[in-house]
Every structure is written in C-alpha cells, then in structure tokens.
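Colleague: I am new to this structure. Could you take me through it in questions and answers?

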Amino acid sequence: MRATPIGNVVRYLLIDRVTFLLLPWAWAAFGFVLDVVVLQLTPAGHSDRRWVGGLAAAFLVVFVLGVQSVANALPFALSIGVSRRTYFLGVTTLALALAVCFGLVVTVGGGIESATGGWGMHMAYFRVPYLLDGPWYRSWLTAATLFVLLFVYGMWYGLIHRRSGLPGTMVFGAAQLGVLALAAVIVTGLHGWNRVGHFCAAVTALGLTGILAAAGAVMLAGGFATLRRLTV
C-alpha cells in the first residue's frame, strides 16, 4: 500500500526515533525514580496521597519535541519539495498519535497506581491531583491534550526561531509576558481578582481540558501562519 504524503512526513520525522519515541518515556521513567527516591527520604505524614511532580519532566520534554520537529528536519523537507501544508499536517499527525499513546500510558499507570496503593507508598505519580485524578477517559483525554498543547507550543517557538532567530524568539516570549502583565493590570484596575478566583475554583478538570484544547487550536493556527511565511 502506497504511503500518503502526510505519512511520508511522519516516517521522515521518525528517522529520529530516539527523540520522538524514546526521550519522553526516558524522562517519564526518570521522574518516576526521582519521585520514589524523594518519598523514601521524606516522612510519610498523615496524607493518603503523596505527590512530588515527577511526571512534569515528561511534559517539559514534549515542548522540546515540538521544537525539534522543525529545528532540523524542516529545511531538508522543504528543499526536496515537501509543501509547507503537508509538512505541518505530518507533524500534527505525529503529535496526535504520540499524544494518544502518552495518554494511554498515563491512564494505565494511574490504574496500576490505584490498585497498588500508590506503588505501596501512597505515591501519586500518574494521578496528578485535580488534573489527572478522575475517570480513566478523562485522564486519557487531559494527558493527550496537554501533550498536544506543549508539542504545538514548542513547534511554534521553533518556527519563530527559524524565521527570526534569537532576537525574534525573545520578542515573541516577551510579547506573551506583556499580554499576561497587561491582563493582570486590567483585572487589578477592575478589582476583578475575586471573580477570577471564583472562576478558577469553579472550573472542573474537564472544563480545563477544554480550555487547553482551545489554546492548542490557537497555537496550531499561529504555527501554520508562521510556517507559511517562513523562508528556508
């Protein structure tokens, strides 16, 4: 069966199997071992749930995967005639496939964690409080959404760097901080922090997943717009 252009892009990216298939799981394993060591060295206390946050290491690596997806592979792909649209769809397809697998691992890991009493030490590695501590389908969806969001965010940063170099990347990051600062000033001026607090307290994990998915869609659109204007 003949591969589609998008499938060819995915296969091309997976030439670097270490980065895309091994690195996230290696860091997830590192975070797990780190959590075990930390919890072994700290008093158990009276809590039935002990969370350190080692899974965050795997999510941070996902951002790097997004950067890597355009850092080295993109110029050669465009030079051999792959269209920007096809490359973008190929990268997005790979991100979605990896996200589904990652969400499955988090979900299965959370089930094992529950069945073993937190690996025998009340450890909450996969069952991140509030975010990944619900029904299996919600944990799967939230973990996959977070994966895609961070991957696309990293890809957008990589595209900005390829288009504008380090100065452009710094401006891009500063602009985001500026928007956050402006929003904080506006909320302060309107005495709206109580309303913001009430809104955050009322948002469920599933609602937050929807917000993250919407943010990911915005980043996808921004990344594609940047790619279309990229000169390699």
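Predicted model: local features only at pLDDT ≥ 70, side-chain atom pairs only at ≥ 80, totals over all residues.

Modeller: Residues are numbered from 1 along each chain as its sequence is written, and side-chain values use heavy atoms, with hydrogens and water left out.

Colleague: How many helices and strands are there in the chain?

Modeller: Helices (H or I, at least four residues) and strands (E, at least two) are DSSP runs, numbered from the N terminus. Read along the sequence, the pattern is α-α-α-α-α-α-α-α-α. The count is nine helices and zero strands.

Colleague: What percentage of the residues of the chain count as buried?

Modeller: Buried means under 20% relative accessible area, exposed over 50%, and partly exposed in between, with a 1.4 Å probe and protein chains only. The C-alpha atoms fill a box of roughly 60 × 55 × 30 Å, taken along the principal axes. Of the 232 residues, the buried part is 38%.

Colleague: At what angle do α5 and α7 pack?

Modeller: Axes are lines fitted to C-alpha atoms, for helices over the stretch in contact, and angles run from 0 to 180 degrees between N-to-C directions. The axes of α5 and α7 are 8 Å apart, and the angle is about 145°.

Colleague: How many nonpolar, polar and charged residues does the contact of α5 with α7 have?

Modeller: Contact means heavy atoms within 4.5 Å. Among the residues that make this one are Phe88, Val91 and Phe102 of α5 and Trp136, Phe147 and Phe151 of α7. Ala, Val, Leu, Ile, Met, Phe, Trp, Tyr, Cys and Pro count as nonpolar, Asp, Glu, Lys and Arg as charged, and the others, Gly among them, as polar. By class, the contact has 18 nonpolar, three polar and no charged residues.

Colleague: Is serine 69 buried or exposed?

Modeller: Serine 69 has its place in helix α3. Not counting residues up to four places away in sequence, serine 69 touches Leu13, Phe20, Tyr87, Val91, Phe151 and Met155. Because its relative accessibility is 0%, serine 69 counts as buried.

Colleague: With which side chain does the side chain of threonine 19 make a polar contact?

Modeller: Threonine 19 lies in helix α2 and is buried, with a relative accessible area of 15%. A polar contact is a pair of N or O atoms within 3.5 Å; within protein, one must be able to donate a hydrogen and the other to accept it, and residues adjacent in sequence count only if both atoms are side-chain atoms. At 2.7 Å, the partner is the side chain of aspartate 16.

Colleague: How far apart in space are leucine 132 and valine 106?

Modeller: Leucine 132 is found in the loop between α6 (118-122) and α7, and at 4% relative accessibility it counts as buried. Leaving aside residues up to four places away in sequence, leucine 132 touches residues including Leu55, Val106 and Phe126. Leucine 132 and valine 106 are 26 residues apart in sequence, and their C-alpha to C-alpha distance is 8.5 Å.

Colleague: Is arginine 195 buried or exposed?

Modeller: Arginine 195 is found in helix α8. A polar atom of its side chain lies 3.5 Å from the backbone oxygen of leucine 190. Since its relative accessibility is 56%, arginine 195 counts as exposed.

Colleague: What is the phi of tryptophan 119?

Modeller: Tryptophan 119 is found in helix α6 and counts as partly exposed, at 29% relative accessibility. Its phi is positive, in a residue other than glycine, with a value near 60°.
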